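Work through the exercises below with the structure open. Try each task before reading its solution.

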Amino acid sequence: MTFQAIRALHACIGSAIDELERIFHQSGPTSLDFPPLNDPVSPPDAPPCSEALAEELANGPAALVPIRYIVAACAQLSATVNRPFDGLIDAIQGGQLSACVRFMEAAHVVEILRGAGSEGMHVDDICQAIVDLRPKSSVTCQDTKNLTPERLVHVLRVLATTHWLREVSPNVFANNRRSSVVDTGKTLEDLRNDPANKFTGTNGIAASVSHISDELSKSGMHLTEWLLPDVRYINPSSHYGASPEPPQHSRDDQQGIRHFAPFNLAYRTKLGYFDWLELPGHAHKLKRVEHSMTGTAGWEVKGEVLRAFPWDQLAEGSLLVDVGGGIGSASIQVAQVHPNIRVVVEDRVPVMDTAHSAWGSNHKELFQSGRVSWRYRDFFAPWKPFVDGKVPDVFLLRLVLHDWPDEDARRRLRPAAGPNTKLIIGDMLLMHACHNNGESALVKQDSPLLANLGAANLQPYLLDLMMTAMLAGKERTMAEMAELLLSAGWKMSQVRRSAASLWAYTIAVPV
């Protein structure tokens with residue numbers, strides 16, 4: 001029966017390719033081809049062209065379903081036919097690839113290769129360009145002694161082997177479609193003269209790469225030690241690991257751990273992650289986190305927040321409160337399109353301090369008119385009413401509830417709501433990997449694919465573990481979300497999400 005299963009997966013790939021080709025051929029008066037892997041994505045400010053239109057279509061809702069089917073079936077086919085040992089070692093050594101992608105972003109490799117075009121650049125020249133862009137200090141000059149073309153080429157070849165770069169000829173590398181999404185668009189002069197603002201005014205994808213591959217990945221490596229606190233790895237008398245010397249920061253001694261997470265083991269601190277980000281010397285990490293939240297738009301189909309709720313049905317002057325909204329990446333989209341809505345973004349003071357500068361020259365009109373503003377909010381303190389007595393019409397919590405365990409996630413919002421206030425939660429809604437009675441699946445019962453589309457939807461499950469690693473938080477299933485909301489005085493009324501996706505906007509009303 002295995003060959004039958006293999007052929008079923010092969011047929012699934014073929015039918016999905018047929019559907020994808022139909023979507024592209026019917027996209028307009030001129031038939032479009034799918035974006036080639038070897039060609040970088042056109043920058044946002046490039047003149048309209050067929051390549052840009054094809055890229056937009058490939059990232060749109062219509063193409064999402066066949067693309068996810070192809071990815072899911074290819075991964076399941078590979079898992080079926082590949083030697084288990086080979087797949088096992090690939091999985092175990094996935095951290096090496098993550099390290100290479102992190103280096104690609106941190107060393108500005110994508111921006112360096114942009115100028116080389118399709119012909120690429122020799123590793124000797126790439127290495128020299130990286131060194132030239134490093135900050136000129138005694139520390140960094142000493143560190144670059146390890147960076148040689150002989151070492152660099154091994155990193156670049158891993159990236160080329162996994163299709164994150166292209167080796168166009170021996171030791172000559174160029175960008176491709178995948179690497180180009182990490183491009184900030186900054187010139188080499190910008191990166192040399194003002195490296196601290198590399199992510200300012202960008203789509204946040206490069207910031208997400210930097211953020212996730214740094215403290216998030218390092219914390220995730222301590223998941224086993226957190227779940228299995230064996231004395232071989234952890235001193236039971238200490239939260240810091242095998243070496244229980246006191247923390248370096250005095251603030252550590254003033255606060256206990258609210259939720260002990262793998263992050264606390266990785267960084268040997270009693271502080272929660274958000275408090276840790278506010279320590280002296282961590283301002284660049286906090287700024288990076290806020291930029292990376294803009295990059296999380298990649299989890300949604302473009303403009304999905306605009307379809308999350310009937311915004312145009314709200315009355316003139318309606319108030320949208322973006323709780324824990326950071327620099328306002330999601331709610332600003334709503335304010336741009338719907339002038340009937342006023343937005344107040346609530347977050348911690350250090351986040352508020354970076355909000356305007358994070359946008360550079362963008363959205364100045366929204367800020368100056370007061371249609372988008374910020375105010376301080378402690379998620380664990382009672383909600384403070386607005387001075388004018390205005391009751392929020394909508395609360396938006398995008399990528400907020402997953403930060404917290406249930407006992408914290410249900411706090412404080414219900415008393416602030418009026419009888420007609422709506423609550424919108426933007427988070428992943430996880431599914432079982434098998435068909436489950438009472439739970440909608442992303443494929444039909446007789447499909448050879450996993451009910452949740454397997455590897456095509458792996459990101460939400462990795463994000464779930466990421467939240468556990470950093471904050472002892474989690475993503476939730478639809479049933480878990482409904483139960484949580486009801487326990488907090490809200491009733492789930494609607495779930496909006498694109499087909500084949502686990503990202504969802506859940507709408508709730510007071511009970």
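**Exercise 1. Determine how H1 passes H3, and what orientation the two helices have.**

Solution. Step 1: the crossing of H1 and H3 is left-handed (the near helix is turned anticlockwise from the far one by less than a right angle). Step 2: helix H1 (residues 2-25) and helix H3 (residues 61-81) pack at about 155 degrees, with axes 9 Å apart. Angles run from 0 to 180 degrees between N-to-C directions, and axes are lines fitted to C-alpha atoms over the stretch in contact. Step 3: H1 and H3 are therefore roughly antiparallel (over 145 degrees). Step 4: the contact (heavy atoms within 4.5 Å) includes Ile6, Leu9 and Ile13 of H1 and Ile67, Ile70 and Leu77 of H3. Step 5: by class, this contact has 18 nonpolar, three polar and one charged residues. Ala, Val, Leu, Ile, Met, Phe, Trp, Tyr, Cys and Pro count as nonpolar, Asp, Glu, Lys and Arg as charged, and the others, Gly among them, as polar.

The model is predicted: local features need pLDDT of at least 70, side-chain atom pairs pLDDT 80 or more, while totals for chains, interfaces and linings use all residues. Residues are numbered from 1 along each chain as its sequence is written, and side-chain values use heavy atoms, without hydrogens and water.

**Exercise 2. Classify the contact of H5 with H12 by residue class.**

Solution. Step 1: the axes of helix H5 (residues 94-106) and H12 come within 9 Å and cross at roughly 135 degrees. Step 2: Val101, Arg102 and Glu105 of H5 are among the contact residues, as are Val209, Asp214 and Lys218 of H12. Step 3: the classes are three nonpolar, four polar and four charged residues.

Technical notes. Helices (H or I, at least four residues) and strands (E, at least two) are DSSP runs, numbered from the N terminus. Angles under 35 degrees count as roughly parallel, over 145 as roughly antiparallel, 65 to 115 as roughly perpendicular and the rest as oblique.
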